[in-house]
Amino acid sequence: MAASDASTADREIVIERTVNAPRELVWQAWTEADQIAQWWGPNGFTTTIHAMDVRVGGVWRFIMHGPDGTDYPNRIVYREIVKPERLVYDHDDDNDPPSHSFRSTVTFVAQGRKTKVTLRAVFASVEAREASVKFGAIEGGAQTLARLDQHVATMSEAD
Amino acid sequence: MATDPLTATLSALADPTRRAIVSRLALGEASVTELCEPFALSQPAISKHLKVLEKAGIISRGRSAQFRPCRLEAARLKGVATWIDEFSRLWEERFDRLDAHLQTVKKARQKGKRHGRK
């Protein structure tokens, strides 16, 4: 189960999903650049990956291109890698100086031929939360645009 | 430094006592004395928390001099809920795309197994 650390339970957002694929495949989809670029999104967005070094302390630097042409730089620094069970990383907006946004923990639990994926985003501190709210507002705003664009994407997929 | 309402709200809610006060006020307005009851805290300590909540716009206080009941201002909390909803929706949709991607990968692999690599 996705048991929470009592000390962070009040500062986190947890999202779970069981995907229809074995754990090894899901791990690859999260840790191989050519794969993650295909689904990271948000909907209607494309992703350009500038670096992806899946090691502790390694950096994944990428830009999300919005449907209106706006670019959203992102940086992820890997903090913990337990293949194929668990990824811990810090996600920020790649500003200079960098504003620490939030720490995410992704766990992969094999369930037969399926995999339960749990994302847990924890706000680290007041300062971090302040930064993440701004960043979150960007992601949230982007998502609003993504929803507008979703119809178009669905239609072209149906062709 | 000027902070936006969402930041102010989240900062004010970063304290467990203040969240408990908010939970209590969700049931209806209450006086400072009533709010002190469930907590092992002095009235000045509770008043301090109430000031933070009031400054953030999460609660408002009645104007009558002796009994200034505290009440919840739902608009501020709605801002937080909206932001969390947006974040959650982003990830729900991200998981949708991950699942779709994995189905494509699985199909490609099965094809590869049946026909061998070209």
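Of the 159 residues of chain A in this predicted model, 26% count as buried. The secondary structure of chain A consists of three helices and seven strands. Along the sequence these elements follow the pattern β-α-α-β-β-β-β-β-β-α. When contacts in chain A between residues at least 6 apart in sequence are considered, 41% of them join residues at least 24 apart.

The largest nonpolar core has 16 residues. Those with the most contacts inside this core are Val19(A), Val26(A), Ala29(A) and Val117(A), together with Leu102(B). At least two residues of the core are supplied by each of helix H1 (23-31), strand E6 (102-111) and strand E7 (114-122) of chain A, and also by helix H5 of chain B. The surroundings of Val117(A) can be listed residue by residue. Not counting residues up to four places away in sequence, Val117(A) touches Arg17(A), Val19(A), Val26(A), Val106(A) and Phe108(A) in chain A, and Phe95(B) in chain B. Another core, of 15 residues, lies apart from the largest one. Among the residues of this other core are Ala8(B), Leu25(B), Ile58(B) and Ile59(B).

Within chain B, helix H1 (residues 5-12) and helix H5 (residues 74-115) have axes that come within 9 Å and cross at roughly 95°. An angle of 65 to 115 degrees counts as roughly perpendicular, and H1(B) and H5(B) are therefore roughly perpendicular to each other. On H1(B), the contact is made by Pro5(B), Leu6(B), Thr9(B) and Leu10(B). On H5(B), the residues that make the contact are Arg76(B), Gly79(B), Val80(B) and Trp83(B). By class, the residues of the contact of H1(B) with H5(B) comprise five nonpolar, two polar and one charged.

Notes. Residues numbered from 1 in each chain as written. Chains lettered and ligands numbered in written order. Predicted model: local features only at pLDDT ≥ 70, side-chain atom pairs only at ≥ 80, totals over all residues. Axes fitted to C-alpha atoms, helices over the stretch in contact; angles between N-to-C directions. Helix = DSSP H or I, 4+ residues; strand = E, 2+ residues; numbered from the N terminus. Parallel < 35°, antiparallel > 145°, perpendicular 65-115°, else oblique. Contact = placed C-beta atoms within 7 Å. Nonpolar A, V, L, I, M, F, W, Y, C, P; charged D, E, K, R; others polar. Core = buried A, V, L, I, M, F, W, Y, C linked by C-beta atoms within 7 Å. Buried ≥ 20, exposed ≤ 12 C-beta atoms within 10 Å, placed from the backbone.
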